Amino acid sequence: MAVLLLTLSLLTFSALAAEVPCESATATGSYRHPVTNAIQDSGGESSEALGQSMVTSVVDPQALVETAPDGQLYLTMRFHLMSNISSTKFSVQKSGDSAWAQVLPETTAKGEDSADFRIPIPSKNAIVQAECFVDAMGRDVVFYVTVNGFTSGNAGNFVRMQDSDIPSKSDESETTSGSGGAVIGDNVVGLVTGGSSTAGKSTEANSKIAKNGDNVQEVVISGSVWVMFFILVFCAQLLACLCFWGIKSLVCKHLHRNGQPLPSADEPEQESSEFPEDLWDENWEESENETR
């Protein structure tokens, strides 16, 4: 029974730490809006050539789209040249819409000069507006990212999303402040060594990352899982004790019904040194008859 309960606890942990379905995708960065062809960046059309070159260098072509159990889609993008970028903000819209919804990014991984950002998106053909503060320019640069060419797997070795990582609806509805955004280095889930050659080499902190197949992911055990595990172990021990005392009681009752003395734990059985009363009376009567 104890082994069964332990197996159930391990299965429960596996279910809690299950990864959500994912697809690899090709990310494309553009200085102009991919649908309206408008330029939102303050550099304008005169900076289009330089802006497009910078966007192409920043946006990695590999991306990951994950589907939560409730159907919510999450996009993970990898940005390079992060040593020149101090903060990022993201907004999303469905293709064809005019309104933007600002979303909170999660920095899921960092390389030598790269960072991975995970954001919720309304659909696979959604348009992402990125606003990155470039230190050398002293201002925000606005550009766009779209994804297509979906295939199964995780070709970019992105940190996979767990069921326990899915934020609540209240968290998803929050937006960043006007001067906020994701500061590089905050809320980092793991480190990556995959991606393009500009992602850099692995660091010593990668020793905390466990490889699962082709994916690089951090093994995280929540406190609730540990509590459940100890409760199950305690219940298993209690059940084992109850079974032991129950079996002992049944054995004692069986011996008592058959007229056998119950073993005493305090005093060992000793052989009686007295003669049986019947035998003594019989011998005395025989001796008296002979005398007569």
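Predicted model: local features only at pLDDT ≥ 70, side-chain atom pairs only at ≥ 80, totals over all residues.

Trainee: Okay, how many helices and strands are in the protein chain?
Mentor: The protein chain has five helices and 13 strands. Of its 292 residues, 33% count as buried.

Trainee: On to rings. How many aromatic pairs does the structure hold?
Mentor: Five. One of them is Phe79 with Phe90, a tilted pair with 5.8 Å centre to centre and 50 degrees between the planes.

Trainee: Which strands do Phe79 and Phe90 lie in?
Mentor: Phe79 sits in strand E3, residues 73–80, and Phe90 in strand E4, residues 85–93, so the pair ties together parts 11 residues apart in sequence. Phe79 is buried at 0% relative accessibility, and Phe90 is buried too, at 1%.

Trainee: What about Phe79 and Phe143?
Mentor: Those two also form a tilted pair, 5.9 Å centre to centre with 45 degrees between the planes. Phe143 is in strand E9, residues 139–152, while Phe79 is in E3, so this pair ties together parts that are 64 residues apart in sequence.

Trainee: Is Phe143 buried or exposed?
Mentor: Buried, as is Phe79.

Trainee: Which charged residues lie over ring faces?
Mentor: Arg78 lies over the face of Phe158, 4.3 Å from the ring centre. Lys124 does that with Phe150, at 4.9 Å from the ring centre.

Trainee: Switching to salt bridges, how many does the count come to?
Mentor: Nine. Glu66 and Arg160 make one of them, at 3.7 Å from N to O. That one links distant parts of the chain: Glu66 is in strand E2 (residues 59–67), Arg160 is in the loop between E9 and helix H3 (169–173), and they are 94 residues apart.

Trainee: Why does Arg160 count as buried?
Mentor: Because its relative accessibility is 10%, and buried means under 20%. Glu66 is buried as well, at 0%.

Trainee: Where do Lys89 and Glu131 lie?
Mentor: They form a salt bridge, with the closest N and O atoms 3.9 Å apart. Lys89 is in strand E4 and Glu131 in strand E8 (residues 127–134), so the pair ties together parts 42 residues apart in sequence. Lys89 counts as buried at 12% relative accessibility, whereas Glu131 is partly exposed at 23%.

Trainee: And how far apart are the closest N and O atoms of Arg118 and Glu106?
Mentor: 3.2 Å, in another salt bridge. Arg118 is in strand E7 (residues 114–121) and Glu106 in strand E6 (residues 106–110), 12 residues apart. Arg118 is buried, at 4% relative accessibility.

Trainee: Which residues are linked in a network of salt bridges?
Mentor: Glu66, Glu106, Arg118 and Arg160.

Trainee: Last one: what does Glu48 touch?
Mentor: Leaving out residues up to four places away in sequence, Glu48 touches Tyr31, Arg32 and Ile39. Glu48 lies in helix H2, residues 48–58, and is partly exposed at 26% relative accessible area. The C-alpha atoms of Glu48 and Arg32 are separated by 8.2 Å, with the two residues 16 apart along the chain.

Technical notes
Residues numbered from 1 in each chain as written. Heavy atoms only, no water. Phe/Tyr/Trp six-rings, centres within 6.5 Å; stacked < 30°, edge-to-face > 60°. Helix = DSSP H or I, 4+ residues; strand = E, 2+ residues; numbered from the N terminus. Buried < 20%, exposed > 50% of the residue type's maximum accessible area, 1.4 Å probe, protein only. Lys NZ or Arg CZ within 6 Å of the ring centre and 35° of its normal. Contact = heavy atoms within 4.5 Å. Salt bridge = Lys/Arg side-chain N within 4 Å of Asp/Glu carboxyl O.
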